[in-house]
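The stops below go one by one, each with something to select and something to look at.

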Amino acid sequence: MSSSPLPSYLEQSPEVAARFARIQQRPITLTVQNLSKTFTAPNTPPRLTLDNISFHVHHREFLCVLGPSGCGKSTLIRIIAGLEQASSGSVLLYNKPVQSPGPERGMVFQNYSLFPWLTVKENVMFGRTIAGIPDFLAEAEARQWLSLVGLADYENAYPHQLSGGMKQRVAIARALANKPRILLMDEPFAALDAQTRAQMQDYLLELWRKVDLTILFITHDFDEAIYLSDRILVLSANPGRIAEIIQNPVPRPRNRQQFTSPPFLATYNRLQELIHPVSLLQNPSNLSNIPRLTHTTDQVE
Amino acid sequence: MKTRFFRPFRPLDPHWSPLLTIGSFLLPLLLWAAFSYIPWLWHPYVKITDPGSLTFLQKNMLMKKADFNSANQKAIVEGKTPAKGIPANPIFLPAPHEVAIAFYKAFTTPPRRPGEPWLHESLWHSIQIIFWGFFYSSLIGLPLGILCGVYPPIARLTEPVIDFIRYMPAPAFGALAVAILGIYDAPKIAIIFIGTFFQQVLVIANTTRNVEYNLIEAALTLGTSQRQLLSRVVIPAIAPNLYQDMRILLGWAWTYLIVAEYIGASSGITFFINQQAKYRIYDNVYVAIIMIGIIGFVTDRVLDDLGKALFPWHFRDSRSIIGSFYNWLKPNYVPRNFPIRVPSSK
Ligand SMILES: Nc1ncnc2c1ncn2[C@@H]1O[C@H](COP(=O)(O)OP(=O)(O)O)[C@@H](O)[C@H]1O
Ligand SMILES: [Mg+2]
């Protein structure tokens with residue numbers, strides 16, 4: 001999609017355009033080709049969930065996949081992770097097809113999925129010891145990753161003793177410890193409260209800036225997608241199709257003042273058009289069937 | 001703020017907990033004491049203290065209340081001195097203090113006949129039967145159950161027939177066990193095995209199947225191979241639940257003890273109880289029964305506490321006496337499996 005002309009509603013500043021030109025010079029990390037997925041379950045007709053998805057991610061790119069709930073975002077990322085089989089099409093990592101899960105594709109789940117029987121440090125060591133790295137080396141590495149995510153003091157705590165944001169930082173450290181070629185994140189901050197989520201977004205951007213990371217990030221939150229991404233892949237629902245791949249015109253480095261900047265708002269409006277959120281208020285007939293149950297003098301507005 | 005005592009599903013105020021635990025034992029004890037010591041509660045017999053002129057009576061003899069009254073009535077009519085007696089309970093309900101005394105005596109009095117086992121020898125024999133039955137069952141049942149849980153083909157191949165055999169009561173195999181294994185300990189261990197094993201495979205398989213699949217997926221994305229999955233993820237993930245299962249299964253094994261010990265040459269605590277009943281020393285029968293209860297209860301409490309020490313991530317903030325003791329022994333070493341202090345953030 002990077003070769004298609006810029007849509008007129010996205011006015012890129014020269015700096016942003018130059019950045020995208022640079023990104024496109026980089027090698028392609030992940031290629032998804034004509035990917036389709038049909039779920040067949042007993043007693044239900046087969047369901048086409050993903051329809052002919054094709055895109056690629058460049059090295060060090062931050063790609064967000066945005067779509068309404070149930071459009072197949074998780075299915076897509078799980079196929080890329082190798083946790084689910086595609087019905088047709090292929091996923092290539094540096095031109096090698098992937099079939100099963102592997103440590104070169106790190107995954108961060110919405111529900112953290114930390115191993116509750118291991119301490120924070122042992123969780124981060126897990127992938128390394130599985131790979132046969134001696135314990136003392138894995139431990140030294142784990143300590144480095146933990147200090148990178150600001151949890152050096154908690155290395156001996158168990159996951160259940162941490163807050164949601166801290167758990168997710170451990171999960172990120174655990175995935176990074178394998179030095180993955182690409183980091184797959186499935187709505188990682190969706191379960192966090194608003195303040196923690198904002199912190200984690202800033203924190204992830206900082207990490208991405210300083211560590212050699214290529215990120216495929218799934219979200220249903222428009223602000224999050226615009227704030228974090230280089231490009232936004234918009235999925236439409238039923239079946240999941242690529243509605244558009246937007247080159248994010250908001251310049252980097254990002255900050256929260258940009259939320260009200262013209263490029264941010266233009267992108268936001270475009271996303272809204274693409275995804276058509278069902279708003280009750282836009283269609284008064286959705287509300288009119290609630291009869292008044294209070295006295296007519298009871299005016300709350 | 002005053003909290004209500006009866007709040008559905010809400011945890012109990014902690015200072016009530018020990019009181020209620022004591023009460024739970026005290027209540028039946030009080031009931032027992034009431035029936036033993038309050039003369040007008042139940043007491044269907046009369047214990048003769050003075051036979052009077054009734055020659056067919058003897059001192060300390062027990063007699064039904066109605067018979068006693070009619071005999072006295074008759075004596076009065078005939079102008080003889082009536083017998084005297086106090087209300088009494090049947091011989092199979094001794095009073096608490098009698099059992100308490102028997103408790104002490106049962107461990108200090110030698111058996112009535114030479115060659116018969118002491119109470120503690122009987123108990124020890126029973127414990128060994130349970131141990132070996134449960135051990136052999138777990139030796140096969142634990143790995144088989146886990147494999148059934150992890151691999152559906154193995155489950156399909158084994159579980160239906162196990163489900164079928166499970167409905168055959170273990171004691172039904174008694175005669176066969178004796179024919180094959182002789183009359184001593186082997187058939188008894190076999191009965192405990194049969195009573196435990198089939199349930200065990202199904203329970204363990206079910207626990208294994210309920211492993212949080214998220215964790216399996218997380219492990220796969222971290223590069224775990226199929227072979228590593230079992231030892232590095234599945235078993236640690238289900239270990240606390242397996243431990244709980246084993247605790248409950250051990251309790252079940254105990255319930256097969258008495259039947260098992262009836263098979264072949266009666267032995268262990270069952271033999272002791274039967275002998276004492278034969279001698280009509282019912283105090284000792286109660287002692288033996290209560291001892292079984294105490295051993296089971298104490299074992300269970302210790303295993304419960306040990307579980308909290310072994311799996312602190314599962315039992316979260318519950319305190320473990322064994323765990324605290326272990327930490328106290330080695331204050332400078334924080335072992336990975338025991339409760340740790342969380343450092344405060346900077
Ligand atoms: N294992 C499955 N079997 C059948 N249908 C599934 C399965 N997993 C997901 N689906 C269906 O695919 C659709 C997309 O799901 P998902 O990828 O989880 O959506 P999203 O993550 O975008 O909310 C949903 O309608 C869901 O019902
Ligand atoms: Mg999802």
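**Stop 1: two prolines in chain A**

Select A:Pro239, which sits in the loop between strand E9 (231-236) and strand E10 (241-247) of chain A. Keep in mind that this is a predicted model. The peptide bond from A:Asn238 to A:Pro239 is cis, with omega near -10°.

Move on to A:Pro253. Its place is the loop between E10 and helix H8 (262-275) of chain A. Show A:Arg252 as well: a cis peptide bond joins A:Arg252 and A:Pro253, and omega is about -5°.

**Stop 2**

Select A:Asn52, in strand E2 of chain A. Check the backbone torsions here. A:Asn52 is not a glycine, yet it has a positive phi of about 50°.

Which residues are around ligand 1? They are A:Phe39, A:Arg47, A:Thr49, A:Pro68, A:Ser69, A:Gly70, A:Cys71, A:Gly72, A:Lys73, A:Ser74 and A:Thr75. Colour them by class: the shell has three nonpolar, six polar and two charged residues.

Start with the backbone of A:Gly70, where an N or O atom lies 2.7 Å from an oxygen atom of ligand 1. A backbone N or O atom of A:Gly72 lies 3.1 Å from an oxygen atom of ligand 1. Then go to the side chain of A:Thr75. An N or O atom there is 2.5 Å from an oxygen atom of ligand 1.

Switch to a surface view. On its own, ligand 1 has 560 Å² of accessible area, and the protein covers 62% of it. Colour by secondary structure next. Strand E2 (47-58) and helix H2 (73-81) of chain A are the elements that give two or more residues to the shell. The largest share, three residues, comes from H2(A).

**Stop 2: a salt bridge in chain A**

Side chains of opposite charge can pair when their charged atoms come close. Over all chains, a search of the whole structure finds 30 salt bridges. To view one of them, select A:Glu141 and A:Lys179; their closest N and O atoms are 3.9 Å apart.

**Stop 3: chain B**

Domain 1 covers 45-88 and domain 2 covers 119-318. How far apart do the C-alpha centres of domain 1 and domain 2 of chain B lie? They lie 54 Å apart.

Now select B:Ile294, in helix H12 of chain B.

Note on methods. Residues numbered from 1 in each chain as written. Chains lettered and ligands numbered in written order. Predicted model: local features only at pLDDT ≥ 70, side-chain atom pairs only at ≥ 80, totals over all residues. Heavy atoms only, no water. Near = heavy atom within 4 Å. Polar contact = N/O pair within 3.5 Å; in protein donor to acceptor, adjacent residues only side chain to side chain. Areas by Shrake-Rupley, 256 points an atom, 1.4 Å probe, with all protein chains shown as cover. Helix = DSSP H or I, 4+ residues; strand = E, 2+ residues; numbered from the N terminus. Nonpolar A, V, L, I, M, F, W, Y, C, P; charged D, E, K, R; others polar. Domains from an automatic or database assignment. Salt bridge = Lys/Arg side-chain N within 4 Å of Asp/Glu carboxyl O.
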